[in-house]
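Please walk through this model with me, from the packing of its helices to its metal site and a few individual residues.

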Amino acid sequence: MTIRSDEIGQALRAEITRIRRELCDLHALLPANGLVAWTSGNISARVPGADLMVIKPSGVGYPALTPESMVLSDLDGNVVEGEYQPSSDTGSHAYVYRHRPDVGGVVHTHSTYATAWSARGEAIPCVITAMADEFGGEIPVGPFALIGDEAIGKGIVETLAGHRSPAVLMRNHGVFTIGRDANAAVKAAVMTEDAARTVHLARAYGEPIPIPPDDIDALHHRYTHVYGQRPAADGVDEQ
Ligand SMILES: [Zn+2]
């Protein structure tokens, strides 16, 4: 049952307002990191505790995005509040949230190097320690899927089920990343393009040397359990 705009209580309203602001700020990171051209690319965030998500409006340029322009939809992709149409990838983002309760944010880009790997239908092999850290192995390729319904979402969920990677290269299309929140998914999108570029250059001049699986496991474990600043307040592992 879809919630109506006038049924949203005060606490939920405050949370949605916070997420609209956060999502607007995060969208600025996509052009800042060279991950998008014109209006391509989008970010969504789950509204914790509600079957709702906030996503970029369709076809609106990055400089024109405001917290108010973000679209609130339910997890079937139906608009609950929005002056604009939501991103054409909304159905796929919604599919990911419905099937992955651990996911709080989804990012999509056509970032150049990563999308070039996707155009070849080739996974990015784990040949640098930064990839072992962040992705725990290769960045896999998902199936070719048409834009507009849930097909891409299904491909994302099915492909990532077999990998530690928070990123998937959808064939002939581009990058989708997931995270426990939208910020983590943006980080994964930035790291995906960085890895794609480095491994592309490595391969252009020779044959990259694979990292043994045991070493990938050790690097990934250290990065996800030991590395970085640990917030004292809640004891949650920070990457
Ligand atoms: Zn796309």
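Contact here means heavy atoms within 4.5 Å of each other, while helices (H or I, at least four residues) and strands (E, at least two) are DSSP runs, numbered from the N terminus. The model is a predicted one, in which local features need pLDDT of at least 70 and side-chain atom pairs count only at pLDDT 80 or more, whereas totals for chains, interfaces and linings use all residues. Residues are numbered from 1 along each chain as its sequence is written, and side-chain values use heavy atoms, with hydrogens and water left out.

With contact defined in this way, T112, Y113, A114, W117 and R120 in α3 meet T192, E193, A196, R197, V199, H200 and R203 in α6. By class, this contact of α3 with α6 has 5 nonpolar, 3 polar and 4 charged residues, where Ala, Val, Leu, Ile, Met, Phe, Trp, Tyr, Cys and Pro count as nonpolar, Asp, Glu, Lys and Arg as charged, and the others, Gly among them, as polar.

Two packed helices are described by the angle between their axes and the distance between the axes. The axes are lines fitted to C-alpha atoms, for helices over the stretch in contact, and the angles run from 0 to 180 degrees between N-to-C directions. For α3 and α6 the angle is about 65°, with the axes 7 Å apart, and the two helices are therefore roughly perpendicular to each other.

Another pair is formed by helix α2 (residues 90-99) and helix α5 (residues 151-160), which pack at an angle of about 40° with their axes 7 Å apart. That angle makes α2 oblique to α5, and their crossing is right-handed. From α2 the contact takes S92, Y95, V96 and H99, and from α5 it takes A151, I152, G153, K154, I156 and V157; these residues divide into 6 nonpolar, 3 polar and 1 charged.

How do these two helices sit within the rest of the structure? Helix α2 is largely enclosed by it, because 8 of the 10 residues of α2 are buried, where buried means under 20% relative accessible area, exposed over 50%, and partly exposed in between (1.4 Å probe, protein chains only). The buried residues of α2 pack against β1, β2 (52-55), β3 (71-74), β5, α5 and β8. Helix α5 is likewise largely enclosed, because 7 of its 10 residues are buried, namely I152, G153, G155, I156, V157, T159 and L160. What covers them includes α2, β6 (141-142), β7 and β8.

The zinc ion has as its protein donors H108 (NE2), H110 (NE2) and H173 (NE2), lying 2.0 to 2.1 Å from it. Donors are N, O and S atoms within 2.8 Å of the metal (3.2 Å for Na, K and Ca), and water is not among the atoms, so sites may look incomplete. Along the chain the donors follow the spacing H-x1-H-x62-H. H110 lies in the loop between β5 (105-109) and α3 (112-120) and H173 in the loop between β7 (167-170) and β8 (174-179), so this pair ties together parts that are 63 residues apart in sequence. H110 is partly exposed, with a relative accessible area of 35%, whereas H173, at 11%, counts as buried.

The loop between β7 and β8 also holds N172, whose phi is near 60°, a positive value in a residue other than glycine. Most residues other than glycine have a negative phi, and most peptide bonds are trans. W38, in the loop between α1 (10-32) and β1 (42-47), has a positive phi as well, near 55°, and W38 is exposed, with a relative accessible area of 79%.

Key:
Parallel < 35°, antiparallel > 145°, perpendicular 65-115°, else oblique. Left-handed = near helix turned anticlockwise from the far one by under 90°.
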